[in-house]
Amino acid sequence: MIDLHTHSTASDGELSPAELVAAAKESDVSVLALTDHDTVSGLDEAACAAKNAEIIFVPGVELNISWQSGEFHLLGLGLKSICEELEEITRSLQDERKSRNQKILQKMAESGYQVNYDEFVSLFGGESHEDTLGRPHLASYFVQKNLVRKTQAAFDKFLGKSAPFYIGRHGADLDEAIFAIKKSGGVPVIAHPLSLYISWGKIADALREIKSRGVQGLEAWHSGAREADCRRLERLAHELGFFVTAGSDFHGKSIRADRRLGITSGNIHIPERYYYDELLPALENFS
């Protein structure tokens, strides 16, 4: 059993990188990728813990990409040495996230809600974690402030795209992100492709165009998708020449209780073939 999409406290996960590895070991995960949002700061800690736990570790990242509809997240898997370009992209995305948090809370305060940016930051680790805080942290903050009872309600009432305090994000340029991932020794993979919000009738052409720009893999299996759609995506990926990955998108029980390490859509334990037969050959061919 493996997992090629997880998050730690370096971004918006519940567990520290070392705790994440320990949880993976307890869950009998043999291959683990850490793919925190817009940061690689947890990779060294996770790599050390994985070595001690005798788990194969895949250093990764998940980058927010500018896209005309929906959300485009690009995984970089198998990073070897973080290049200056990737560091610059992550810094820019973290600054943008910080700015969005400030704007959301300011807009809510102006509408009469008792929220405060400095209070929000202090509740989630202080200034040292400021650049990694995102909407899941805002949702938890609103629960603590008794504005909503559950984090999903925070998205429905305040943070979702149709909510009054939604503020969009500017992502990284796709071509620059692809270049930075490859220069860092990794391979670019489209995360949860249904989040692109492209109809089935048009998705093949869109994926073909993305592939022509240098993206090599497609995460066909994701906890947020239906099993039938994942199977359809896997068939389509292979028809288009992508290698296929699978992940849980684990964040932690208190954040997303429905996502468990090593388990993806359909309550399926992720087979090792998605590493040995899919990702690993891509990494070896690239190197």
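**Exercise 1.** Which residues do ring pairs link into a cluster?

*Solution.* This is a predicted model, in which local features need pLDDT of at least 70, side-chain atom pairs count only at pLDDT 80 or more, and totals for chains, interfaces and linings use all residues. Residues are numbered from 1 along each chain as its sequence is written, and side-chain values use heavy atoms, with hydrogens and water left out. Rings of Phe, Tyr and Trp (its six-membered ring) pair if their centres lie within 6.5 Å; planes under 30 degrees apart count as stacked, over 60 as edge-to-face and the rest as tilted. The cluster consists of Tyr113, Tyr117, Phe120, Tyr141, Phe142, Phe158 and Phe165, linked by ring pairs.

**Exercise 2.** Classify the pair of Tyr113 and Phe158, and state what the pair ties together.

*Solution.* Step one: a search of the whole structure finds nine aromatic pairs. Step two: the ring centres of Tyr113 and Phe158 are 5.3 Å apart and the planes stand at 85°, so this pair is edge-to-face. Step three: Tyr113 lies in the loop between α3 (84–110) and α4 (117–123), and Phe158 in helix α6 (residues 151–159), so the pair ties together parts 45 residues apart in sequence. Helices here are DSSP runs (H or I, at least four residues), numbered from the N terminus.

**Exercise 3.** Is Phe120 buried or exposed?

*Solution.* Buried means under 20% relative accessible area, exposed over 50%, and partly exposed in between (1.4 Å probe, protein chains only). Phe120 has a relative accessible area of 0%, so Phe120 is buried.

Terms used:
Helices (H or I, at least four residues) and strands (E, at least two) are DSSP runs, numbered from the N terminus.
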